[in-house]
Amino acid sequence: MTGLAIAIGGVLAAVCVLYVALPFLREPDPASDLLDEPGALERRALELAERRDRALGALKELEFDHRTGKVSDEDYRELVGPLRQRVAEALRALELRAESNEERVRAAG
Amino acid sequence: MPELGRAALVLCLGLALFALVGGAYAAATRRRRLARSAQNALLAAFGAAAVASGVLLAALLRNDFSFVYVAEHTSLQLPTPYTISAFWGGQEGSLLLWLLVLTGFSAAAVAFARRTGPDLLAWVVPVLGLVTTFFAFMLVAVSSPFATQVAPADGAGLNPSLQNPYMMIHPPCLYLGYVGLTIPFAFAMGALLARRTDELWIVATRRWTLFAWTALGVGQLLGSHWAYVEVGWGGYYAWDPVENAALMPWLAATAFLHSVMIQEKRGMLKIWNMLLVILAFCLALFGTFLTRSGVISSIHSFTQSPLGSWFLGFICLITVGSAALLMSRLPLLRSRTRMESLVSREATFLYNNLLLVALCLTILWGVTFPILSEAVRGEQITVSAPYYNFFLRIFGIPLLLLMGIGPLVAWRRASLRSLGRSFAWPAGIALGAGIVLLLLGAGSSPIGLVAYTFSAFVLGSIGYEFARGTRARRALAGGSWLAAFAELVARNRRRYGGYIVHASIVLLAIGIVGSSAYDKVKEQKLSPGQTMAIGHYQLRYRELVKRNGPNATEWRALLDVRRGGHSLGTLSSGKNDYRAEQQVSNEVGIRTDHLTGEDLYVITDQINKDQSINFKVLVKPLVNLIWLSGFLFFAGSLVALWPSAAEQRRLAARYRELRALARA
């Protein structure tokens with residue numbers, strides 16, 4: 001029994017070590033070993049995308065709440081303007097960012 | 001094969017340690033292959049933990065008493081299902097189950113999160129590695145389930161109160177909850193370490209948190225039902241420290257599930273949410289410490305063990321480490337958004353959070369007070385049920401009311417006119433219900449009357465929300481009412497799943513109030529042939545019978561039950577004398593009225609030599625709503641957990657855009 005246990009344990013350990021070493025075995029000499037990490041530009045874009053999605057979600061929810069009667073006409077009129085403005089701002093900022101990025105690529109290439 | 005079990009645990013420890021050290025180094029130096037290798041180590045650790053668990057399970061099923069654990073927790077007479085449940089019936093086995101679930105969840109979380117945010121995942125892995133290393137170390141060095149001995153002829157058996165079908169599912173369910181809270185904690189810490197203040201960690205862990213919270217909630221309800229039918233004292237929750245230990249992280253996670261919505265919708269409360277995740281995880285660890293340290297006496301705790309100081313050290317490390325990390329990232333987390341009005345959905349969520357956290361900390365104070373009093377004054381002063389009941393009313397009743405108010409209030413701000421229109425129906429229903437209940441005599445318990453009136457308000461508010469949502473959806477898309485209702489729920493599963501969960505909490509509250517504020521208790525000694533009356537029931541003690549079960553001698557008193565002159569059949573209540581364990585347990589008799597949800601509950605307190613019996617009989621109105629609420633809770637959680645295709649598409653598009661940006 002002990003012999004069998006040692007054998008199974010040995011195989012288990014070997015399989016685990018092999019699996020852990022797999023990234024190095026698959027790519028022994030990679031062109032780049034750097035971890036993908038969002039740069040400052042990407043972080044800013046992500047922040048804008050979140051802001052856009054948040055504003056769009058809020059607008060959608062406001063429309064539905066108005067339809068159900070939870071939000072009165074007066075409240076709706078008061079809230080919808082700033083929300084639409086927020087969506088437009090976020091979209092505009094994202095577009096500007098995309099354009100400047102394209103220009104940067106064009107200039108580099 | 002104890003050697004294989006030990007080897008698998010040592011391997012698991014090594015892999016976890018590699019995930020911790022290698023993973024941290026890879027994340028700090030941005031090494032891609034090493035980070036991937038550390039992720040693989042976590043996945044492999046699950047394999048090693050599964051092998052170790054397989055070895056213990058095989059030993060249990062083979063009644064291999066050369067394993068000390070098997071000999072201490074099973075016997076030859078023990079039925080097979082309870083032999084399996086003995087896996088988590090003892091200290092070492094339950095710790096191994098914890099490790100198995102932890103490595104399984106870690107592997108799944110890593111596998112699911114590989115596609116998004118590799119930099120975040122790189123920091124998540126060492127955090128998961130740290131927790132796994134601790135538990136694997138405990139099993140290797142402090143509390144091994146693979147200790148061996150010269151096999152005795154038979155084992156000591158399993159504690160009789162654990163020989164109940166609920167023990168097959170209640171502890172694993174709680175473990176899924178406790179351990180599940182590790183995943184949001186690891187992602188939150190990963191986000192702080194990676195200096196990522198966006199929502200990715202929330203998106204990646206949303207379902208994990210909900211799953212852990214659901215499992216913890218269902219686990220507690222199962223435990224309550226086990227206490228009700230098995231422990232035999234007539235109640236279902238005794239404010240026992242170990243029961244509280246499961247309730248506290250659940251309350252913290254409930255607060256988090258609400259406040260995280262404010263972060264998602266308004267970009268606020270980032271620091272508060274981090275705090276709640278840390279609190280929930282630390283409380284989950286604290287619960288484990290309470291169960292295993294022996295510092296408190298509880299029916300649910302394991303015996304005194306050397307694990308306590310290790311756990312305390314680990315809790316301190318996690319608390320201090322995560323708090324320091326949070327402090328260092330405070331400038332990144334400050335939100336520019338402000339709350340627009342104190343009358344808004346986000347404001348009600350905030351009030352709900354404050355009440356939940358206050359209740360959680362009050363319970364924590366009650367649980368730790370005996371430990372602190374012993375440390376300071378040398379005597380253990382226990383905080384009993386009146387303390388907890390007082391604070392449950394103080395914080396619970398407003399929480400109940402807020403559950404009804406929240407859905408009626410719009411995000412950002414609400415005018416008085418909107419509120420008046422939204423509140424009219426639910427408030428009318430509540431007022432009507434209150435008057436009817438008062439006329440029916442519910443005023444005998446003022447707090448009960450208030451709780452029931454508020455419950456009616458919440459149910460009215462939820463029903464109203466579903467009704468006007470369905471009407472609006474139908475007006476928008478046409479079709480039948482049923483199709484509009486299904487569409488409404490499918491389009492916003494989290495919101496409407498949440499409402500179903502709220503309805504379950506109301507059922508729970510109605511059941512708790514009914515069975516505690518309006519119950520009846522009577523104790524009486526009866527000889528065969530004698531009768532007693534309680535409420536509208538008459539009981540006649542017919543005879544005492546004895547039979548031999550597979551592992552116990554069973555004594556049962558047979559009672560004829562009548563109500564209003566009609567026979568309701570026979571009820572049996574008695575005691576089991578477990579042979580191998582040499583312990584006696586109460587086997588209560590329960591007659592359920594499925595129409596009213598009321599239970600007639602008979603405890604055989606003492607069987608005398610002349611066959612007379614000291615009975616304790618309880619009538620518990622509406623108690624079955626508590627168990628019914630469990631099904632509704634699970635259904636609501638399932639609706640909220642179910643992935644929404646539209647949301648998945650939106651998130652996929654967001655991260656695709658960013659990847660494209662990165663490539664450009």
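1. What is the mean pLDDT of chain A, and what percentage of its residues reach 70 or more? The mean is 85, and 89% of the residues of chain A reach 70 or more; pLDDT is the predictor's confidence in each residue, from 0 to 100. This is a predicted model, in which local features need pLDDT of at least 70 and side-chain atom pairs count only at pLDDT 80 or more, while totals for chains, interfaces and linings use all residues. Residues are numbered from 1 along each chain as its sequence is written, and chains are lettered from A in the order in which they are written.

2. Among the elements of chain A, helix 1 has the highest mean pLDDT (92) and helix 3 the lowest (80). Helices are DSSP runs (H or I, at least four residues), numbered from the N terminus.

3. The interface joins 47 residues of chain A to 48 residues of chain B by contact (C-beta atoms, placed from the backbone, within 7 Å). On the chain A side, helix 1 (2–26), helix 2 (40–68) and helix 3 (73–108) each supply at least two residues. Helix 2 of chain A gives the most, with 15 residues. By class, this side has 25 nonpolar, seven polar and 15 charged residues (Ala, Val, Leu, Ile, Met, Phe, Trp, Tyr, Cys and Pro count as nonpolar, Asp, Glu, Lys and Arg as charged, and the others, Gly among them, as polar).

4. In chain B, helix 8 (residues 182–193) packs with helix 12 (residues 307–328), their axes 10 Å apart and at an angle of about 40 degrees. Met189(B), Leu192(B) and Leu193(B) of helix 8 meet Ser322(B), Leu325(B) and Leu326(B) of helix 12. This contact has five nonpolar, one polar and no charged residues.

How values were computed:
Axes are lines fitted to C-alpha atoms, for helices over the stretch in contact, and angles run from 0 to 180 degrees between N-to-C directions. Two residues are in contact if their C-beta atoms, placed from the backbone, lie within 7 Å.
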